[in-house]
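Student: I would like a close look at one part of this model, its aromatic side chains. Please take me through them in one connected answer.

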Amino acid sequence: MLNRVSVLGNIIDRIKLPFRKEKEFYSCLYPILGFYPHEISYYKLALMHRSVTKHNDKGKPLNNERLEFLGDAILDAAVGDIVYRHFPGKREGFLTNTRSKLVQRDTLNKLAKELGINSLVKSSGQTVAHNSYIGGNAFEALVGAIYLDRGYDACMQFMKKRILAQMINIDRMAYKEMNFKSKLIEWSQKNRINLCFDLIKETKDDNGSPMFTYRVQLEDIECCEGCGFSKKESQQKASKLTLQKLKHEPWFLDKIFAAKTDRTKMEEEPVMAIPSADDAENFLKMTGDPVEIVENQESTCSEISLT
């Protein structure tokens with residue numbers, strides 16, 4: 001182990017970096033990448049969050065957003081290539097779902113944390129950690145930096161040998177259930193349970209990124225909430241928590257089915273004959289104010305109502 005450290009130190013010394021901090025940065029990147037960068041400026045930029053107000057000589061902001069855009073495209077291509085070759089004979093839908101699982105934000109966030117990328121990112125420090133995608137964004141930007149520094153083949157090798165060979169089991173990930181919203185919808189349809197996704201609030205985080213909070217409702221019973229940077233993500237989180245509650249809390253499941261029983265009983269009860277509209281006096285007594293009826297028909301359901 002000591003010999004390896006001394007060898008790495010000698011390699012860094014031969015690079016002849018001008019400052020001690022540069023040598024430290026190279027040393028931090030090597031365990032992450034598995035190689036030393038050629039052009040260090042790409043990697044510095046990849047680890048600079050937009051919350052850091054830094055500009056170049058022309059006054060343009062310096063941050064990792066452009067590299068993040070590039071890295072996202074490279075990741076899609078590289079992971080798509082890997083998945084295609086790893087699962088011969090599988091259909092397009094399976095391949096697409098598997099690629100999505102491997103490059104989704106939660107996966108990239110976990111990778112960034114395990115690799116130690118989070119500790120290298122320069123930011124204002126104002127973003128709440130559990131609601132932030134700083135790590136996952138920096139991971140994408142780092143892939144963009146690798147592409148500019150060493151080319152597409154280096155990105156492929158990084159994903160194959162560093163990520164998929166050491167950190168992610170691609171087979172386990174491929175068959176892991178990730179679409180909790182679809183699973184909840186399927187469950188509600190099978191059991192004829194009314195399901196709604198209600199938008200509770202829409203806000204912005206400290207960096208101005210939009211955030212959404214959705215709540216699941218089953219048979220008009222409020223269930224779990226989910227918060228995320230997109231409507232899809234927040235609904236997925238709310239669905240996941242609701243499925244867990246249905247599985248682990250029998251009393252809650254009983255409450256949902258009891259509400260369904262009450263609803264179906266009301267639907268099966270005979271409807272009272274409505275008097276003719278020609279009999280204006282009796283008609284108004286039976287129906288109430290027509291304006292109120294129209295207003296009360298508005299649904300609080302934001303997306304789905306299943307019967």
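How many aromatic pairs does the structure hold?

Tutor: The structure holds six aromatic pairs (rings of Phe, Tyr and Trp, the last by its six-membered ring, with centres within 6.5 Å; planes under 30 degrees apart are stacked, over 60 edge-to-face, the rest tilted). In one of them, the rings of Trp187 and Phe257 have centres 6.1 Å apart and planes at 80°, so this pair is edge-to-face. The pair links distant parts of the chain, since Trp187 belongs to helix α10 (residues 180-190) and Phe257 to helix α12 (residues 250-268), 70 residues apart (helices are DSSP runs of H or I, at least four residues, numbered from the N terminus). Phe257 itself is partly exposed, with a relative accessible area of 29% (buried is under 20%, exposed over 50%, partly exposed in between, with a 1.4 Å probe and protein chains only). The rings of Trp251 and Phe252 also make an edge-to-face pair, with a centre distance of 5.9 Å and planes at 75°. Phe252 counts as buried, at 2% relative accessibility, and Lys245 lies over its face, at 4.6 Å from the ring centre (NZ of Lys or CZ of Arg within 6 Å of the centre and within 35 degrees of the ring normal). Lys181 lies over the face of Phe197, at 5.1 Å from the ring centre. Elsewhere, Tyr26, Tyr30 and Tyr36 form one aromatic cluster.

As to the basis, this is a predicted model, in which local features need pLDDT of at least 70 and side-chain atom pairs count only at pLDDT 80 or more, whereas totals for chains, interfaces and linings use all residues. Residues are numbered from 1 along each chain as its sequence is written, and side-chain values use heavy atoms, with hydrogens and water left out.

Key: Helices (H or I, at least four residues) and strands (E, at least two) are DSSP runs, numbered from the N terminus.
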